[in-house]
Structures are given as C-alpha cells and as structure tokens.
Amino acid sequence: MTEVVSPSLLPSSDTNPDHPGTSGIWTFVFIDMIVFLLFFLVYLSERNRLPDLFAESQATLDPMVGLASTIFLLTSSWCMVGAVQSARSGNAARTGSWLNLTGLLGAGFIVNKLLEYGGKLDHGISPVSNGFYSFYFIITGLHFAHVIGGLCFIAHCRMRAAAEVGRRDYRKKIENVGLFWHFVDMLWLFIFPMLYLAGAR
C-alpha cells in the first residue's frame with residue numbers, strides 16, 4: 001500500500017533527495033546562530049572593555065579540558081556522518097552502530113563538561129564571580145543544553161532505526177538531527193578558542 005504524506009508536512013526542499021534535511025531545521029539553525037552571535041559580540045565587547053579581568057579569569061580555564069571537549073564533539077560529528085550515510089543506503093545495523101558511537105562520544109563531552117563545572121564550583125567560581133565567568137557559564141551552559149537536546153534526538157533515531165531505516169521520513173529525520181549536531185559542533189569550534197585560548201596570558 002502506498003504511503004500518503006500530506007504535502008503541507010513536507011517543505012519544498014524535501015522533493016529533492018539530494019537536499020539534506022528540511023527547511024525547518026535550516027531556519028532553526030539560522031535563528032539559533034544569530035542568538036549565539038549576539039552573545040559572542042557582547043562578550044567580545046566586554047572583553048575589550050575589561051581586558052585584564054577577562055585575561056586573568058580566562059587563565060583559570062584549562063585549554064586541555066577544552067581540547068578534550070573539541071575532540072569528543074568532532075569525532076562524534078564524524079560518526080554522525082556515517083550514521084546518515086548508512087541510513088541513506090538503507091543499512092539499519094550500521095546506522096544503529098554509528099548512532100551508538102555518536103551518542104557515546106557526546107556523552108563523553110557531557111561528562112568532561114560536568115567535571116569542569118564541578119571543579120570551578122569547588123573553587124568558589126560561579127556565574128556571579130565576575131563578568132568573564134558570567135559569560136563562561138551562560139555561553140557554555142547554552143551550548144551544553146544544545147548537546148543534551150542533540151543526544152535526545154540521536155537516542156530517538158537510534159531507537160527507531162531498526163523499524164524505520166529505508167523510509168523517506170526517517171532519512172529526513174536523521175538528516176535533520178545530523179545538521180543540528182554539526183551545528184552544535186560548529187558552535188563549540190567558536191566557543192573553545194574564544195573562551196579558552198584567545199588573549200590568554
């Protein structure tokens with residue numbers, strides 16, 4: 001029996017099998033990018049106004065911890081590519097395996113970040129300590145929430161892989177999740193050097 005899908009549920013981009021994801025995810029990513037850009041601009045403005053305070057506070061961050069987070073996310077993004085490609089080819093087993101790896105590496109980022117937050121709080125550093133730490137906790141906290149959301153989406157795709165791989169709607173769904181996950185990783189590539197490296201003494 002032919003599956004009938006309401007045209008209203010499928011943006012025009014969905015009619016092109018080579019176009020990744022749907023227009024909805026691209027719109028969301030664009031708006032989200034603008035929000036983060038505003039935070040970045042305000043942070044840079046405050047850093048320019050209080051360079052000594054920001055440099056002194058930034059020196060308390062461990063670049064190796066930030067590098068570890070970067071490796072976790074970049075590797076997980078590579079695994080997400082494998083999951084999307086496997087879903088496109090209709091291989092449910094490989095899709096599930098790639099999603100498992102993606103989720104595991106994403107969880108590694110979560111653990112690493114929680115340990116970093118815990119260390120800061122143990123030393124009496126909080127979002128109200130000074131302007132730098134306010135930005136540090138807000139920017140990384142928003143990103144952290146995006147990672148949690150992405151892992152929930154990845155888990156959903158993993159649970160549905162065996163039953164839905166090969167269906168057009170699943171392919172679009174996992175492409176959307178992949179695009180969101182790549183966006184989360186891209187954000188970290190800006191956050192890491194801005195907070196951990198740029199201008200550090």
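Is Cys79 buried or exposed, and what is its relative accessible area? In this predicted model, Cys79 is buried, with a relative accessible area of 3%.

**Cysteines and disulfides**
- Cys157 is likewise buried, at a relative accessible area of 1%.
- A search of the whole structure finds 0 disulfides.
- A disulfide is a covalent bond between the sulfur atoms of two cysteines.

**Salt bridges: overall count**
- The structure contains 8 salt bridges.
- Side chains of opposite charge can pair when their charged atoms come close.

**Salt bridges within helices**
- In helix α1 (residues 23-49), Arg49 and Glu46 lie 3 residues apart, about one turn of the helix.
- The side chains of Arg49 and Glu46 form a salt bridge with an N to O distance of 2.7 Å.
- Arg49 counts as exposed, at 54% relative accessibility, whereas Glu46 is partly exposed, with a relative accessible area of 22%.
- Helix α4 (residues 92-122) holds Lys113 and Glu116, which are 3 residues apart and so separated by about one helical turn.
- A salt bridge joins the side chains of Lys113 and Glu116 at 2.7 Å, N to O.
- Lys113 and Glu116 are both buried.

- Asp169 and Arg167 meet through their side chains in a salt bridge of 2.8 Å, N to O.
- Asp169 is partly exposed, with a relative accessible area of 37%, and Arg167 is also partly exposed, at 35%.

Terms used. Residues are numbered from 1 along each chain as its sequence is written. This is a predicted model: local features need pLDDT of at least 70, side-chain atom pairs count only at pLDDT 80 or more; totals for chains, interfaces and linings use all residues. Side-chain values use heavy atoms; hydrogens and water are left out. A disulfide is a pair of cysteine sulfur atoms within 2.5 Å. Buried means under 20% relative accessible area, exposed over 50%, partly exposed in between (1.4 Å probe, protein chains only). A salt bridge is a side-chain nitrogen of Lys or Arg within 4 Å of a carboxyl oxygen of Asp or Glu. Helices (H or I, at least four residues) and strands (E, at least two) are DSSP runs, numbered from the N terminus.
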